[in-house]
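Please find below a short note on the packing of this model.

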Amino acid sequence: MTSTIKLISSILGFIIFWGLTTSYTKTNNSNTYYPINPIPFTSVKITDNFWTPRILTNYKVTIPIAIDQCYKTGRVNNFLYAGKIKDGQFCTQYPFDDTDIYKLIEAASYSLQTIPDKELEAQIDTLIYYVGKAQEPDGYLYTNRTINPDSTHAWAGKQRWINSPINMSHELYNCGHLYEAAVAHYQATNKKSLLNIAIKNANLLVTDFLKNGLQIYPGHQIIEMGLVRLYTTTGNEEYLKLAKYFLDVRGPGGQEYNQAHLKVVDQTEPVGHAVRATYMYSGMADIAAIYNDSSYLKASQLIWENLVTKKMYITGGIGSGGSNEGFDPEYVLPNMSAYCETCASVGNIFWNHRMFLFNGEGKYIDVLERTLYNALLSGVSLSGDHFFYPNVLESAGQHSRSKWFGCACCPPNIARLLPSLPGYIYAKTDKSIYINLFSDNSATIKIKSNEIKIKQKTNYPWNGEVEINITPTKKEYFDIKIRIPGWARGEVLPGDLYHFSNNKTAKYKIILNDKLVNTVVNNGYVTISKEWKENDKIKLSFPMEPQIILPNEKIKANSNRFAIQRGPLVYCAEWPYSENEKILNLFFDISQQFETEFDSTLLNGIVTIHAKAKPVSRTLNNKINIGNELNLRLIPYFAWNNKGPGEMMVWLPSDTNSVKPLPAPTIAYKSILSGSTENKTLEAIKDQYEPKNSNDHTMPFFHWWPKKNCWEWVQYTFNNPEIISKCNIYWFDDGPFGGCRIPETYTIEYKKDDQWIPVEITNGKKNIVKNNWDTTAFKPVKTNAIRLKVKLSNDYSAGIHEWIVN
């Protein structure tokens with residue numbers, strides 16, 4: 001008890017000391033350097049039935065769970081060890097695990113501004129105390145090196161900073177999240193405790209990089225955004241110069257993976273790791289705005305145009321490649337292996353908001369809204385306690401949300417975005433108010449000396465009716481700019497990556513004080529210019545019938561498929577809402593009528609879309625059989641996997657050529673499958689999906705990773721004795737970047753009585769085959785079970801796409 005009292009006393013002394021020291025010139029913390037200014041989220045109160053429960057769940061469930069996990073997994077201990085509060089060695093997997101603490105402080109700070117909570121505030125103060133103790137005297141803050149400088153993580157390097165660009169020590173990445181958290185905490189509490197820690201750290205970077213000329217760029221971007229926020233809070237222009245410096249010293253000749261292959265101003269398309277990319281593009285937008293730098297703006301625009309016209313998923317998700325957690329070539333948008341990292345959606349929202357603030361074009365908010373309601377929101381369960389890292393668009397049941405991750409960047413990233421959501425609804429200039437998003441809310445916005453109260457009444461996104469009350473303190477002439485979403489104007493996204501099957505422009509209506517407004521859309525907005533007075537009322541009516549989306553023919557993964565959208569929500573077919581609980585073997589008549597229904601009892605209340613489909617199965621002679629029509633309900637994509645793992649797809653087959661038939665009733669398919677390592681992907685080895693090659697991620701596959709240098713096995717047990725004489729195996733191998741290779745060797749055994757007997761091979765010894773069927777013929781055996789034993793190599797694991805027995 002005595003030690004606890006001493007610790008609390010030390011924490012309180014630290015907080016009081018840092019709260020009273022360090023002075024600086026504080027500037028307006030809004031993004032005033034942009035032509036358009038966002039409205040602080042503290043000026044907007046959401047009161048709807050869609051976002052309010054999610055923000056509350058984030059506060060009650062997600063943030064507490066994430067804080068608890070940071071204690072359980074040792075992330076907090078790293079700061080205790082570095083600060084000499086406890087003895088111990090660095091105890092987590094990655095040197096960037098420090099940032100999970102920073103992101104949670106940021107998330108909690110945002111939450112505190114709208115939901116005051118003294119207990120949560122005290123928890124955050126304690127974490128900040130630990131962070132301060134871990135900081136070295138000159139401002140350096142990186143627990144992995146501080147704990148034991150002679151035994152750092154392999155990524156860290158022997159000296160500070162040197163491994164930032166190549167082996168990605170994440171030192172500068174950690175700093176960036178520290179700055180973001182520090183500003184958020186200061187704005188929420190007016191305490192300088194974390195802000196002073198961040199300033200001390202940033203001053204060290206100014207000395208090492210700007211003054212001493214160290215030419216190193218961050219391997220994982222975000223410090224650029226963080227430094228800009230620190231600049232706008234403190235007014236210290238050295239932080240702004242350092243942000244630009246980190247962008248200017250990047251490239252050429254570096255890795256495409258972290259966008260260092262070219263100078264940032266010479267880049268024209270998104271490449272490499274998607275989270276790194278969007279954080280960098282957000283920083284570029286900041287620099288373009290503050291310096292009015294046309295080269296930065298041009299590069300940002302070209303990258304954005306390439307993304308939305310060639311590389312973006314219909315959900316707004318970005319980054320299709322799992323091997324680089326990022327971008328594939330143009331139009332390569334697989335569904336079952338889609339990566340679409342949740343953190344990339346967060347970064348995409350940051351970037352698009354900044355692009356809008358620069359020029360006021362609605363297309364950026366269109367992308368923001370699509371990402372927010374679909375790719376981002378699917379990253380967290382309705383209960384707020386399970387999370388997706390990748391967000392696939394198709395599943396055979398191998399995907400499910402997790403409670404936490406070893407690399408736990410996504411849960412705290414969602415936790416910090418959701419409470420800041422009200423700040424994306426409105427924006428302003430000195431003569432205009434932008435209404436960007438639609439949600440039941442009330443806001444107070446100042447234009448010059450006039451205070452304008454705005455209240456939206458709506459059940460969006462379930463209903464397209466929006467009522468907006470405008471009440472200025474005094475009569476004044478200004479513009480109200482209302483975004484007309486692309487989906488309400490017949491546009492899925494700018495460009496031709498996707499299009500609605502019906503080319504007729506959807507009809508929307510705007511009524512001002514009971515009079516129909518003749519609207520002209522300019523840059524995605526309808527502008528109403530008038531002298532506004534108390535209780536002026538605007539009524540919007542958006543069409544909400546289901547819309548069929550067709551893909552560009554260059555997207556091979558979606559050939560002969562279509563998707564369905566209603567309002568901003570993309571829909572999917574999922575197993576619990578189908579008569580036979582199967583999805584992947586269904587094909588849909590695209591001309592059918594899709595009826596909608598609100599179900600208050602399902603998934604916290606959603607609009608479902610009624611549909612019909614026919615099942616397809618494969619026969620033993622490899623023919624296709626079409627079954628009777630089934631009824632099912634489509635649900636919003638964000639809500640999938642809240643009833644457990646199972647089949648799901650966004651892009652619906654419109655003919656039998658694009659469907660995945662139910663497997664034929666072969667002896668393997670009918671058998672009981674078991675293995676030395678059992679998981680939810682084991683069934684993939686008998687699903688009868690033939691891969692394109694050993695590294696094909698577009699279909700389910702089974703692997704033993706991270707195991708290596710050991711024997712593993714899989715086994716078919718038959719209902720009745722079968723005569724077997726041949727096995728065909730298609731090995732999984734994700735080289736050169738993944739952890740699986742074809743195995744060192746393998747054997748086939750059959751069960752006789754209670755003994756496992758090796759088969760007698762008749763087609764001779766041969767090399768193990770990659771990228772094709774590996775066939776082993778043997779003398780016929782009659783058995784109840786057959787086993788495939790696999791020796792993993794010393795350095796790699798292995799996996800199986802398919803195992804066929806004849």
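1. Helices here are DSSP runs of H or I with at least four residues, numbered from the N terminus. Axes are lines fitted to C-alpha atoms over the stretch in contact, and angles run from 0 to 180 degrees between N-to-C directions. The model is predicted: local features need pLDDT of at least 70, side-chain atom pairs count only at pLDDT 80 or more, and totals for chains, interfaces and linings use all residues. Residues are numbered from 1 along each chain as its sequence is written, and side-chain values use heavy atoms, without hydrogens and water.

2. The axes of helix 2 (residues 51-72) and helix 5 (residues 118-134) cross at roughly 30° and come within 12 Å. Helix 2 is therefore roughly parallel to helix 5 (angles under 35 degrees). The contact (heavy atoms within 4.5 Å) involves Tyr59, Ile63, Ile67 and Tyr71 of helix 2, with Leu120, Gln123, Ile124, Thr126, Leu127 and Tyr130 of helix 5.

3. Beyond four places in sequence, the contacts of Leu205 include Trp161, Tyr179 and Phe246.

4. Asn174 lies in helix 7 (residues 171-189). Asn174 counts as buried because its relative accessibility is 1% (buried means under 20% relative accessible area, with a 1.4 Å probe and protein chains only). Not counting residues up to four places away in sequence, Asn174 touches Pro95, Phe96, Asp98, Thr99, Tyr102 and Tyr142.

Definitions and conventions
Helices (H or I, at least four residues) and strands (E, at least two) are DSSP runs, numbered from the N terminus. Angles under 35 degrees count as roughly parallel, over 145 as roughly antiparallel, 65 to 115 as roughly perpendicular and the rest as oblique. Buried means under 20% relative accessible area, exposed over 50%, partly exposed in between (1.4 Å probe, protein chains only).
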